[in-house]
Amino acid sequence: MADQISLKEMKEWKALEGHYARVKDMHLRDLFSQDPKRAEKFTVEAAGVYFDYSKHRVTATTVNLLCDLAEASGLREKIEDMFTGEKINLTEGRAVLHTALRAPKNATVVVDGENVVPHVHAVLEKMEQFADKVRAGEWKGHTGKPIRNIVNIGIGGSDLGPVMAYEALKDYSDRKLTFRFVSNVDGTDFAEAVRDLRPEETLFIVASKTFTTLETMTNATTARDWALKALKDEAAIAKHFVAVSTNASKVSGFGIDTENMFGFWDWVGGRYSMFSAIGLSTMIAIGPKHFREMLSGAHEMDVHYRNAPFEENLPALMGLLGLWYTDFFGAQSIAVLPYEQYLKRFPAYLQQLTMESNGKSVTLDGHKTDYQTGQVYWGEPGTNGQHSFYQLIHQGTKLIPCDFIAFAKPRHKLGRHHDLLLANVFAQAEALAFGKTAEELKDEGVKDWLIPHKTFEGNRPSTTMLLDELTPAGLGRLVALYEHAVFTQGAVWRIGSFDQWGVELGKVLAGRIAPELEAAEEPVLAHDTSTNALIRRYRSRR
């Protein structure tokens, strides 16, 4: 790896640089007028997703050159390494096998000489048995009352995936059950989550691989105290708490019966774990059958990504388009705009998936990158964003590629709502691409002084993804699509998409500062002068 030519010195990269110089000023109006069949040529349908990227500032040559870069970067081999259990998480010496979580029962994925698929399905079956008991009212709390409230306690991937999936598939959930999610170490998060819940009817799912995560275990301990205050018997913990963890001794020490511990593996990264036991709350909410359908949808996208040629490969195209704008146009963010209220937490979920994965500035061989990596992901659902930040996307000074996500069929058929919703999707993508010229405004009779204010430059790129309906399988396909787009970019950028050392330093420093805040006597402080002053200010004012 040390002898590998640098990315920017690759002939495929240099070809893209030369091509960019030729096409950077081309307008989408001209690209469409020059080719009446452009929409057909730049649309791919696979794994239940209709992927229209014709409104991107690309030509057929651009796509070919991007695919050449992917091929020369060894993306095909790296994909195969991931799917077959090679330890591609180099800094932690781990395989990366979230794809094995949705592999069919008869599949074979070998890690360290052992097929892991039977273990995956054993955990799934254990989850199903437990979920069925809770949903049927057969799992009783300490006082004999059935569980009616489920509170998931986690953080990062142990929270963002479950809460996103619950909100996305809420229409499939059992409405006799109440679901809450606690992640923030801010006490308000816990206090508000349990404010109207009865302890004797509440089950806590504590999700922490090591069972030592500071935020999660702080909230879990508070939950334990809250339950015991009402139930007054240590034995109650075993009926009101279950764990998603691999640390049996810590789980047992907390008071949880290890029979009710659901495991996962070090080859499942936190932000890729919503299809594992981390999804227990999701399975209880929507039922095992629908959870299996979600796995099936993700697996369908996995198969497509592994086998399709890059020019017809949805995740590869998505990842390469993001790289095109990041490294050649200097775009710094991507707006994710789901026109589906149930997907309101999807942009937040993608923030961790994408930015924790590819927010790196050092290559796998330890060299500082001399090119941009990663993008800022953000967004809001539906037409809400149109009345919020679309002004900047349309007429601002920043280039912000957009992902529009829409569904042909609504979850709720109410009058004109869905037609109006989809009209807005298509209109926004059209407006971003083509804008409105001064000449068009003049022809409409707009006063000269107002024309500059009402002119839309256009040429703002976007992808429109259209699925039939937001189903569990559809959600699985979308999540896997973005997972693999992230991997595509990381493979080309030569960075490790599956570690997250950047989150560690703040944790270590917080561990040092917390005792200084809690100390009865004034502590000796050895931080910088700003941090020292903030600690003293807090201690004097709390």
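This briefing walks through the fold of one protein chain, from its overall shape down to single residues.

The model is predicted: local features need pLDDT of at least 70, side-chain atom pairs count only at pLDDT 80 or more, and totals for chains, interfaces and linings use all residues. Residues are numbered from 1 along each chain as its sequence is written, and side-chain values use heavy atoms, leaving out hydrogens and water.

The protein has 22 helices and 13 strands. Helices (H or I, at least four residues) and strands (E, at least two) are DSSP runs, numbered from the N terminus.

**Overall shape**

- A compact globule of 542 residues would have a radius of gyration near 24 Å; the protein has 25 Å, which agrees. This radius is taken over C-alpha atoms, and the globule rule is 2.2 Å times the number of residues to the power 0.38.
- Along the principal axes, the C-alpha atoms fill a box of roughly 75 × 65 × 60 Å.
- Of the 542 residues, 54% count as buried. Buried means under 20% relative accessible area, exposed means over 50%, and partly exposed lies in between (1.4 Å probe, protein chains only).
- The accessible surface comes to about 24,100 Å², and 51% of this belongs to carbon and sulfur atoms. Areas come from the Shrake-Rupley method with a 1.4 Å probe; for residues, only the protein chains shown count as cover.
- Among contacts with a separation of 6 or more, 73% join residues 24 or more positions apart. Contact means heavy atoms within 4.5 Å.

**The six-stranded sheet**

- Strands of a sheet pair through backbone hydrogen bonds, either parallel or antiparallel.
- Here, 6 strands form an open sheet in the order β1-β2-β13-β12-β10-β11, with mixed pairing. Two strands pair if DSSP finds at least two bridges between them.
- β1 (43-46) and β11 (376-378) stand at the edges. Each has a single partner strand, so one side of each is left without a neighbour in the sheet.
- Neighbouring strands of this sheet are turned by 15 degrees against each other on average, direction ignored. Axes are lines fitted to C-alpha atoms, for helices over the stretch in contact; angles run from 0 to 180 degrees between N-to-C directions.
- β1 and β2 pair in the antiparallel sense over 4 bridges. Val44 stands opposite Phe51 in β2.
- The hairpin of β1 and β2 has 2 residues between the strands, and Ala47 takes a positive phi near 50 degrees.
- β2 and β13 run antiparallel and are joined by 3 bridges. Here Phe51 stands opposite Met465 in β13.
- β12 (residues 402-407) pairs with β13 (residues 462-467) in the parallel sense, over 6 bridges. Ile405 stands opposite Met465 in β13.

**Helices on this sheet**

- Helix α14 (residues 314-329) lies across β1, β2 (49-52), β10 (333-338), β12 and β13. Its direction is at about 30 degrees to β2.
- Helix α15 (residues 346-358) packs on the sheet and touches β10, β11 and β12. The directions of α15 and β11 make about 165 degrees.

**The five-stranded sheet**

- An open sheet of 5 strands has the order β6-β5-β7-β8-β9, with parallel pairing.
- β6 (178-182) and β9 (261-262) are at the edges, each with a single partner strand, so one side of each is left without a neighbour in the sheet.
- Helix α7 (residues 157-168) packs on the sheet, touching β5 (149-153), β6 and β7 (202-207). The direction of α7 makes about 150 degrees with that of β6.
- β8 (residues 241-244) is joined to β9 by 2 bridges, and the two run parallel. Val244 stands opposite Phe262 in β9.

**Residues to find**

- Glu167 is in helix α7. Glu167 counts as buried, at 14% relative accessibility.
- Not counting residues up to four places away in sequence, Glu167 touches Tyr342, Lys344 and Arg345.
- Gln332 sits in the loop between α14 and β10. At 63% relative accessibility, Gln332 is exposed.
- Not counting residues up to four places away in sequence, Gln332 touches Gln375 and Val376.
- Gln332 and Lys105 are 227 residues apart along the chain, and their C-alpha atoms are separated by 41 Å.

**Cysteines**

- A search of the whole structure finds 0 disulfides (pairs of cysteine sulfur atoms within 2.5 Å).
- Cys67 is buried, with a relative accessible area of 6%.
- Cys402 is buried too, with a relative accessible area of 1%.
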